[in-house]
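Hi everyone, thanks for coming.

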Amino acid sequence: MSNASHALPDMESHIAQWGAGLSLSAIPAPALSVARTCIRDGLGVMLAGCVTDVFAKCATLPRYTGPCELADGTAGADVHTAALLNGTAGHALDFDDTCYAGIVHGTAAVLPAALAVAQHTNAQGAQLLEAFVVGVETEYALGLALTNSLYERGHWTTATLGIVGAAAASAKLLGLDVEATAHAIRLAANQPMGLRATHGATAKPYLCGMAARSGIESAYAARAGIAGQPGTFERPRGYAGTLNGGILDLAAIQALGSRYALLDPGIAFKLRPMCSAVQAAIEAVIALQTQHRWTLDQVVSICCHGTPLVITSLPYQKPKQPGEAQFSMPFAIACTLLHGDVRISHLNDATLADPALQHLMQRVTLRQDKALVPPEHATSCPEAARVDIHLADGRQLSHTVLAATGMPQQPASEKTMQDKFIACASHVHSPEQAQALWLRLQDLDRLTDLRHLLRGPGHIGRA
């Protein structure tokens, strides 16, 4: 039910007033620190994603040249193409960050849009960081306002809400006033896209790129004078009523500026290129391999107990392609047992077709366990897992991970995030060039020229 207040302007105007008036100096230092990490991590997985098949396919789509950079280092592109291709690359490996405010990949759609507009307008690093915060916080506030209901109804909120976050970030970089920013948000809200049924298909990263592209288009349209209807979210037959059964908690919108979702509930950074729902289970398997000795031929069965979100996020028991494998608990556990972990190099047809992996996948079952997480940790541990391995000698080995490394309450170290970035960036650059780019991105606020951000000092990488 909507709890709209008569004292509150329509949602879009409220968001626009906050976003248009936000300055970098007003953002709490801890939130800025997380935002910087999101940007570095997002650019890293974008570089790794540009060598994927889905990126190559999207690169054949019609496009125009322009001043915006593509992750693969090829010739510059127009602002819309750059957002589409870099957005596709950033989500191609499902290696980007997650926020449980609405269950979204926040950086995935907002960063490609913000980077493209920043390069198109010749903005500076501080402006990019500022706009990124506006975009993701808008997306997260909407996620909290609409609650997890939107996701549970089948909308893929990364794109559905990401387009609005991309529009807000783009509006900030274009310097739109409050009224035009509100219209950009309204226009973006009229273009919901993404269904959870798409998970496992190449449409998923493509739609992430399209959300970034369409968010930019909404901002430019608003600048040109195209107007939406005030109260697009609240009014009858509006966003909440049409898509979310009328559920809309405006307290989350009122909290913009006083609560930063970058800090609460925080951001989860992945250490494996798979759905976040498998991360805890993979860590549980690794822990069992470290603590106990056995051989793979002793494994009789493996049972993974997961939270309701884990169960609904992983539909593929017998994945037929790498994209489906990224949403498959049997693949995640079998691959970890065979190879010690799941890496980008395992996401291919050859790994999936391995008879040993197929044999192990047949022994994995996934069961829901609503009592797995203590009630006091239910909100902070939405994707916990317990793995039980039954061995031929009668032993049953068990390990529970409530929060995988990288989750807000179990943060990855700076060294771990740096190692991930360099490994991802090394798909395009040499390790030395990747290291130089990592160091350069640490000074993002001070950069005055973003035109070659992904290629780094001296235009590293391909020309």
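**Rings, a helix and a sheet**

Searching the whole structure turns up two aromatic pairs. By that I mean rings of Phe, Tyr and Trp (its six-membered ring) with centres within 6.5 Å, where planes under 30 degrees apart count as stacked, over 60 as edge-to-face and the rest as tilted. Buried here is under 20% relative accessible area, exposed is over 50%, and partly exposed is in between, using a 1.4 Å probe and protein chains only.

A word on where this comes from: it is a predicted model, with local features needing pLDDT of at least 70 and side-chain atom pairs counting only at pLDDT 80 or more, while totals for chains, interfaces and linings use all residues. Residues are numbered from 1 along each chain as its sequence is written, and side-chain values use heavy atoms, leaving out hydrogens and water.

Now, Phe421 and Trp438: their ring centres are 5.4 Å apart with planes at 55 degrees, so this pair is tilted. Phe421 sits in helix H20 (residues 414-425) and Trp438 in helix H21 (residues 431-441), so the pair ties together parts 17 residues apart in sequence. Helices (H or I, at least four residues) and strands (E, at least two) are DSSP runs, numbered from the N terminus. Phe421 is buried at 2%, and Trp438 at 3%.

What sits over the ring of Trp438? The charged end of Arg40 does, 4.4 Å from the ring centre. For that label, NZ of Lys or CZ of Arg must be within 6 Å of the ring centre and within 35 degrees of the ring normal.

Let's turn to the sheet. It is open, with four strands in the order E2-E1-E3-E4 and mixed pairing; two strands pair if DSSP finds at least two bridges between them. Strands E2 (364-368) and E4 (396-401) are the edges, each pairing on one side only. In general, strands of a sheet pair through backbone hydrogen bonds, either parallel or antiparallel. Here E1 (residues 299-306) and E3 (residues 385-391) pair in the antiparallel sense over seven bridges, and Gly306 stands opposite Ala385 in E3.
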